[in-house]
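Grab your viewer and work through a few exercises on this model. Try each task before you read its solution.

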Amino acid sequence: MVEKEDVLIESSDDDMDDEIMRETDWLEYPLLPVRDTVVFPHIVTPLFVGRDRSIKAVESATDSDSTIVVVTQKEPEIQDPTIEDLYTIGTEVVIGRTLRMPDGTISILGQGKQRVRIAKFVQTDPYIKVEVKAIYESTEKSLPTEALMRAVLALFEKCVQLNRNLPEDAYVAAMNIDEPGWLADLVTSTLNLEMKKRQEMLETIDATLRLQRLSVVLAQELDVLELENRIQSKVQEEVDKTQREYFLREQIKVMQGELGEADAQTQEINELREKIAATEMPDEVREKAEKELKRLAAMPPIAPEAPIIRTYIDWLVELPWSQATEDNMDIAHAAKILDAKHYGLPKAKERILEYIAVRQLAADKMRSPILCFVGPPGTGKTSLGKSIAEALERKFVRISLGGIRDEAEIRGHRRTYIGALPGRIIQTMRRAETINPLFMLDEIDKLGMDFRGDPSAALLEVLDPEQNHAFSDHYLDVPYNLSQVMFITTANILDPVPPALRDRLEVIYFPGYIEEEKLHIAKQFLIPRQLEENGLTPERLRFSEEAIRHIIREYTYEAGVRNLEREIANICRKVVRRIAEEKKAPRHVTSQSLVRYLGPPQFTFGLAEKEDEIGVATGIAWTEAGGDLLNVEVTLMEGKGGLILTGQLGEVMQESAQAALSYARSHAKELGITNYKFDKLDIHVHVPEGAIPKDGPSAGITIATALISALARRPVHHEVCMTGEITLRGKVLPIGGFKEKVLAAHRAGLKTILIPKKNEKDMIEVPKKVKRDLNFVFVERMDEVLPVALSQKPSDKQS
């Protein structure tokens, strides 16, 4: 008894619990530990028993008085719980029914009798037997307890009404219970609460306190149920609305059928069918369109795929499959339009007229040319394309390829993607509305490439006459004929264009304009256009020839005429503003008044150098904007035989400087270089405008001339410029960009130009005026360069 007394003291509750509990004898019963279940007094609960010790405990209980203690485990995963793994408060349960299942488990139906407190394990094998003490509750009802019971019943009623899983019988049973503790246990057992929350309610001995906690739980549950009910109501409203609309649509269909009318979807299907029949499609395309139309007709209008199929059919019927414009084959008419719209550009015009001539004689056998206009910005490449379309009386369409990095921009996306569309080629063909437009692909040299594919590779099929009669767009998924399209591409330089794509292009170069050509273009095109755009007339404002020349020389420095037109527009706007302000406005623009309109001159016209100097030679370079002058400076200083190269020179240009120095050292005696020991001399070669990267071999003879000038103390003629690659043996090799470099020398006002002998064949490209103004000296060896470039007498000036 001493041991039992000790356990009782350790397990006693607070003073409040002592008042509502009275002493009883210790009782010994088999123990049934359960998982995720809490059994309450007075509540009938089904239990499933599967563990060996639990089955033996049930069998022992049924063999005696059918009483067993049911206690919940703290952790359901534990297979063999100890006293520490169980809650101390459980329920004395009377077993009413026992069923043995085929798998060896037992199903029992037990009714809770009263709460019990576990004192200790009496035995653990073959089943657990515990010593417990019954906990008796007070059944007295005070005024607060009565109020709590009514509040709990009211909340429980609302929960039963909102929760379909709670039976109405549970509320009826709750209404007929007078004891507060029993009511709390019944409602708690009915609610879907967590196991810990249920155990907390079981361990709350005071019925009033239990009702208080239960009312809080019911209020929370009611809030959740009301929110669920609102959501469910909204969902149900949408479903009812959809069903109602469907029902009404079906009724409309029936009524329209009775009236002999078709519904909107049927009308749309019929319209598409008529469009397909009216479009002159190839048989393969027609078969595809009709197949997709059948799929669309079999679908309900709200099907997700219906808009996709409808859009696809629209693309098929709106594309030009056979509609073509008739070309104007009048060569004289074409020549007149081209000359009226553009000054110069003989090669491009000649090629178009040849195309028209061949079309007259062999229209069925000729393929459309695929031209590539290559030249600096502002030389009229895009505008010439428009003029060609006008001369041929074809539709003109254009897309810019600059910055495109995705192959799908050319070929389109497959229809499996959301928002898929055809590529730009097919989109532009639909916009053209004919199968033979003039199609301009601008900036083909600025195509990009990334992980999404290479657009230039996709263009191979577009621009190949052997393939483009059956161009495959991923979206259309049927071949499209591009063989009648006249493609014209434009580029500033050809280097970025892949070789395979370049091989498919017929390249026509657009060189920069000389001053005389710019003067004619300004008079014939630019000034009239700007006068018209700014609301002026030729009588209201005139430009003198001298003023135009000064704008060309001192306010622009370009191969094209874009900046020239910009400056003319600037003058026109300033004149128009004075007219709008009712101030005195000039009627003539002279060279003296340019500073007032355009500010001080931006560029210096004339020779690169004002006088002959030692160690300074003038070269010519090719740039994207045409040609430009390139000065090379050389200075000598004491050192250890080093060669210093500055001015952002590329590897090829650095190697040219090394070759020039090696040539000078190997021919030192012949060149009169006897005053220097190269192992004690540092040579610094600098090319000004160091922020601009420079590269290429064509500055070889320029560097060599500057080096020899500095070493031999012989000044370089400032009116002479040169270009050419040098070898170690002193040979001068040919260069590229011949015409652009010659025009740059002419634009700068130089008198003599030294050019490789092998470039003499390119003189046919040089305008006659340039030939008259420049003295061309063709050289094969460095020995022929120096007598022309250098003064015969050494100078005492410091380099």
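Helices (H or I, at least four residues) and strands (E, at least two) are DSSP runs, numbered from the N terminus. This is a predicted model, where local features need pLDDT of at least 70, side-chain atom pairs count only at pLDDT 80 or more, and totals for chains, interfaces and linings use all residues. Residues are numbered from 1 along each chain as its sequence is written, and side-chain values use heavy atoms, with hydrogens and water left out.

**Exercise 1. Find where Pro126 sits and describe the peptide bond that joins Asp125 and Pro126.**

Start with the place: Pro126 belongs to the loop between strand S5 (106-123) and strand S6 (129-135). Next, check omega: at about 0°, the bond joining Asp125 to Pro126 is cis.

**Exercise 2. Look up phi for Ser66 and Glu433, then place each residue.**

Ser66 has phi near 60°, a positive value in a residue other than glycine. Its loop runs between helix H3 (52-63) and strand S3 (67-72).

Now Glu433: phi is near 65°, again positive in a residue other than glycine. Glu433 is in the loop between helix H16 (424-432) and strand S9 (438-442). For accessibility, buried means under 20% relative accessible area, exposed over 50%, and partly exposed in between (1.4 Å probe, protein chains only). Glu433 has 53%, so the residue is exposed.

**Exercise 3. Work out how helices H4 and H5 pack.**

Two packed helices are described by the angle between their axes and the distance between the axes. Here, axes are lines fitted to C-alpha atoms, for helices over the stretch in contact, and angles run from 0 to 180 degrees between N-to-C directions.

Step one: the axes of H4 (residues 143-162) and H5 (residues 168-175) come within 9 Å and cross at roughly 165°. Step two: angles under 35 degrees count as roughly parallel, over 145 as roughly antiparallel, 65 to 115 as roughly perpendicular and the rest as oblique. H4 and H5 are therefore roughly antiparallel.

Step three: list the contact (heavy atoms within 4.5 Å). H4 brings Leu153, Phe156, Glu157 and Val160, while H5 brings Glu168, Ala170, Tyr171, Ala174 and Met175. Step four: sort by class, with Ala, Val, Leu, Ile, Met, Phe, Trp, Tyr, Cys and Pro as nonpolar, Asp, Glu, Lys and Arg as charged, and the others, Gly among them, as polar. That gives 7 nonpolar, no polar and 2 charged residues.

**Exercise 4. Count the salt bridges, then inspect a few of them.**

The rule is a side-chain nitrogen of Lys or Arg within 4 Å of a carboxyl oxygen of Asp or Glu. The count comes to 37 salt bridges.

- Glu581 pairs with Lys583, with the closest N and O atoms 3.4 Å apart. Glu581 is partly exposed at 36% relative accessibility, and Lys583 is partly exposed at 46%.
- Asp762 pairs with Lys761 at 4.0 Å between the closest N and O atoms. Asp762 is buried at 17%, whereas Lys761 is exposed at 60%.
- Arg115, Glu137, Asp185 and Arg210 are linked in a network of salt bridges.

**Exercise 5. List the buried residues of helix H20 and find what they pack against.**

In H20 (residues 545-555), the buried residues are Ala547, Ile548, Arg549, Ile551, Ile552 and Tyr555. Their packing partners are helix H19 (515-533), strand S14 (542-543), helix H21 (562-580), strand S15 (588-589) and helix H22 (594-598).
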